[in-house]
Amino acid sequence: GVGSFLKLAKQVNPSSKLYFVNDLESNSTYVAKNILPDQETYFEDVDSGNSYDIIFSDGIMNLLDDEIIGQTLDKVIKKLSLGGLFLLLINLDPAIIRKDFNLHWMHDKLQENGLQSMWGKYTFCSLWRKIETRQGL
């Protein structure tokens with residue numbers, strides 16, 4: 001999962017820093033202490049001036065209503081560095097996924113706003129690269 005990907009990213013770029021932005025503290029703490037124990041981690045608010053090379057969304061979007069999803073994707077698009085990667089994981093558990101959840105709408109919004117699907121378009125696990133910056137995002 002995300003922990004394995006973080007380990008790989010650290011091997012590729014040993015000087016990288018790991019930031020948790022508006023994450024559930026219990027999950028962040030688990031990743032920081034158990035998956036990457038030697039990695040210095042930082043916690044910051046999404047409204048910081050930073051941009052990021054890799055952003056993960058791990059099984060949370062399917063719990064939100066469409067308006068909040070749209071606002072969240074706008075923030076992701078804005079905060080992602082040009083050339084950066086967005087890994088989007090959707091939890092398909094029928095007990096928690098919204099019946100009217102629209103994955104295609106989410107993926108179309110990403111593509112319409114300068115992200116290119118690297119793999120997994122219209123699937124529960126997709127990887128996107130920011131190839132251009134659109135005005136306002």
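Okay, a definition to start with: helices (H or I, at least four residues) and strands (E, at least two) are DSSP runs, numbered from the N terminus. With that in hand, here's one spot to look at: helix 4 is followed by glycine 114, and the phi of that glycine is positive, near 95 degrees.

Some housekeeping. This is a predicted model, where local features need pLDDT of at least 70 and side-chain atom pairs count only at pLDDT 80 or more, while totals for chains, interfaces and linings use all residues. Residues are numbered from 1 along each chain as its sequence is written, and side-chain values use heavy atoms, with hydrogens and water left out.

So, the overview. The protein chain has four helices and six strands, and from the N terminus on they run α-β-α-β-β-α-β-α-β-β. Buried residues, meaning those under 20% relative accessible area with a 1.4 Å probe and protein chains only (exposed is over 50%, partly exposed in between), make up 36% of the 137 residues. Now contacts, which means heavy atoms within 4.5 Å. Among the contacts between residues at least 6 apart in sequence, 60% join residues at least 24 apart.

On to the sheet. Strands of a sheet pair through backbone hydrogen bonds, either parallel or antiparallel. Here, two strands count as paired if DSSP finds at least two bridges between them. What order do the four strands of the open sheet have? It's 3-4-6-5, with mixed pairing. At the edges sit strand 3 (52-58) and strand 5 (115-119), each pairing on one side only. On average, neighbouring strands of this sheet are turned by 20 degrees against each other, direction ignored.

Let's walk across. Strand 3 and strand 4 run parallel, joined by six bridges, and serine 57 has leucine 88 in strand 4 as its bridge partner. Next, strand 4 pairs with strand 6 in the antiparallel sense over five bridges; there, leucine 87 stands opposite leucine 127 in strand 6. Then strand 6 (residues 125-130) pairs with strand 5, also antiparallel, over four bridges, and serine 117 stands opposite tryptophan 128. That hairpin of strand 5 and strand 6 has five residues between the strands, and glycine 120 takes a positive phi near 85 degrees in it.

How covered are those strands? In strand 4, eight of the ten residues are buried, and in strand 6 five of the six are.

Leucine 127 in strand 6 is worth a stop. Leucine 127 counts as buried because its relative accessibility is 17%. Leaving aside neighbours within four places in sequence, leucine 127 is in contact with Leu85, Phe86, Leu87, Gln116, Ser117, Met118 and Trp119. Also, the C-alpha atoms of leucine 127 and phenylalanine 56 are separated by 9.4 Å, with the two residues 71 apart along the chain.

Now the cores. A nonpolar core is a set of buried Ala, Val, Leu, Ile, Met, Phe, Trp, Tyr and Cys residues joined through side-chain atoms within 4.5 Å. The largest one has 18 residues, and Phe86, Ile90, Met106 and Leu110 have the most contacts inside it. Strand 3, helix 3, strand 4 and helix 4 (103-112) each give two or more residues to this core, and helix 3 gives the most, with four. Take leucine 110: not counting residues up to four places away in sequence, leucine 110 touches Leu73, Ile77, Phe86, Leu88, Leu115 and Trp128.

Which residues of helix 4 are buried? They are Leu103, Met106, His107, Lys109 and Leu110. Going by the directions from the helix axis to the C-beta atoms, these buried residues fall within an arc of 155 degrees, so they line one face of helix 4. They pack against helix 3, strand 4, strand 5 and strand 6.

Last stop, asparagine 62, in the loop between strand 3 and helix 3. Is asparagine 62 buried or exposed? Asparagine 62 counts as buried, because its relative accessibility is 0%. Leaving out neighbours within four places in sequence, asparagine 62 is in contact with Ile90, Asn91, Ile96, Ile97, Arg98 and Phe101.

Key. Axes are lines fitted to C-alpha atoms, for helices over the stretch in contact, and angles run from 0 to 180 degrees between N-to-C directions.
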